[in-house]
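Good morning, and thank you for coming. Please look at the sequence and the structure, which I now place on the screen.

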Amino acid sequence: MQAVLNAALPIFALILAGFLSGRTALFGPAAADSLNRFAIYLALPALMFGAMAKITPDQVAQVGFAAAFAGGIAAAFAVAYGLGRGRSLRGAQACIEGLDAGYSNVGFMGIPLCLLVFGPASLPAAVIATLFTACVLFLFAIVLIELDLQKGAGAGTARKVVRALVRNPLLIAPLAGLSVGLTGATVPGPVERFAALLGGAASPCALVCIGLFLAQERVRFSEIRPMAVLVVLKLVLQPAVTALLVYKVFAVPDLWARAAVLLSALPIGSGPFTLAKLYGLEAGVTSGAILLSHLASVVTVSLLVAWLA
């Protein structure tokens with residue numbers, strides 16, 4: 001439990017810092033939007049470029065691990081999306097809830113936890129999980145949201161979707177990084193350092209934004225149940241499906257299998273909130289689910305770590 005607390009407490013502290021800043025009027029309503037735009041258009045693209053630029057063909061070759069981790073994400077996303085549509089949410093909003101259920105906090109919690117529990121040999125698994133979550137899943141969600149938002153555009157829908165996607169820095173940056181990583185090209189030192197410095201601000205900014213949002217908005221009673229459902233899907237269903245796939249379906253090395261289960265059991269990262277704010281979608285359920293999932297994960301992830309270790 002101490003390991004989980006060490007990883008989770010800084011996250012709680014950043015959300016609390018944003019909450020107190022909002023409650024004391026240190027930052028007004030416009031601050032959350034400005035911080036979120038900084039994260040979306042500068043920090044997060046830099047983080048995604050830097051992560052994808054370091055990918056190697058050997059890491060891509062771990063097909064069993066990738067398929068199992070992606071399978072857990074897909075199962076949780078599909079169930080949450082279906083439940084959202086069942087509550088008459090529009091496609092884009094249901095997509096955000098699907099993202100909630102499948103988006104692990106791999107970068108902020110996963111890498112330090114894996115290093116602590118399994119040692120340096122687990123770092124490649126954590127890196128691949130980060131790529132799948134922050135890049136592949138994120139891009140998939142962006143495409144679905146754009147398709148829904150542009151649905152009423154008539155014959156020009158496809159053209160408008162493509163235009164919106166090619167202008168989106170959250171699509172351009174990881175694809176540029178992937179091309180660098182797979183071709184073996186070397187990123188110049190100053191560029192790499194620039195991306196690392198700028199990308200390092202992405203998660204803290206998003207978490208402070210969540211705190212500001214919680215300070216400015218009141219959680220409605222009707223949102224409690226959807227939040228709880230998303231937390232259960234994230235902390236229970238996703239790791240259960242991933243464990244089934246790594247141990248019963250795919251041939252995955254033991255260390256990689258254990259890392260996959262742990263990484264899939266992490267609480268919800270800040271990405272869904274950031275995307276909801278970018279597209280002007282409802283973020284109340286998402287922000288509450290992020291906070292609740294981190295609180296619940298202190299128990300669930302601690303138990304899982306004890307079993308896996």
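Which residues in α12 meet which residues in α13? On the α12 side they are K234, Q238, P239, T242, A243, V246 and Y247, and on the α13 side A257, R258, A260, V261 and S264. To meet, here, is to be in contact, that is, to have heavy atoms within 4.5 Å.

Before I continue, some remarks on the source. This is a predicted model, in which local features need pLDDT of at least 70 and side-chain atom pairs count only at pLDDT 80 or more, while totals for chains, interfaces and linings use all residues. Residues are numbered from 1 along each chain as its sequence is written, and side-chain values use heavy atoms, with hydrogens and water left out.

On confidence, the protein has an average pLDDT of 85, and 92% of the residues score at least 70; pLDDT is the predictor's confidence in each residue, from 0 to 100. Confidence is highest in helix α12, residues 224–249, with a mean of 96, and lowest in helix α8, residues 157–166, with a mean of 68. Helices are DSSP runs of H or I with at least four residues, numbered from the N terminus.

The axes of α12 and helix α13, residues 254–264, come within 8 Å and cross at roughly 165°. These axes are lines fitted to C-alpha atoms over the stretch in contact, with angles from 0 to 180 degrees between N-to-C directions. The two helices α12 and α13 are therefore roughly antiparallel, a term for angles over 145 degrees.

The crossing of α11 and α14 is left-handed.

How many disulfides are there? The count is zero, where a disulfide is a pair of cysteine sulfur atoms within 2.5 Å. C205 is in no disulfide, and its nearest cysteine sulfur, that of C209, is 6.5 Å away. C205 is buried, at 13% relative accessible area, where buried means under 20%, exposed over 50% and partly exposed in between, with a 1.4 Å probe and protein chains only. C114 is buried as well, at 1%.

Finally, two further buried residues. L198 lies in helix α10, residues 189–199, and is buried because its relative accessibility is 17%. Leaving aside residues up to four places away in sequence, L198 touches F38, L42, A43 and A46. L198 and F38 are 160 residues apart in sequence, yet their C-alpha atoms are 10.0 Å apart in space. M109 belongs to helix α6, residues 106–118, and is buried, with a relative accessible area of 0%.

Note on methods:
Parallel < 35°, antiparallel > 145°, perpendicular 65-115°, else oblique. Left-handed = near helix turned anticlockwise from the far one by under 90°.
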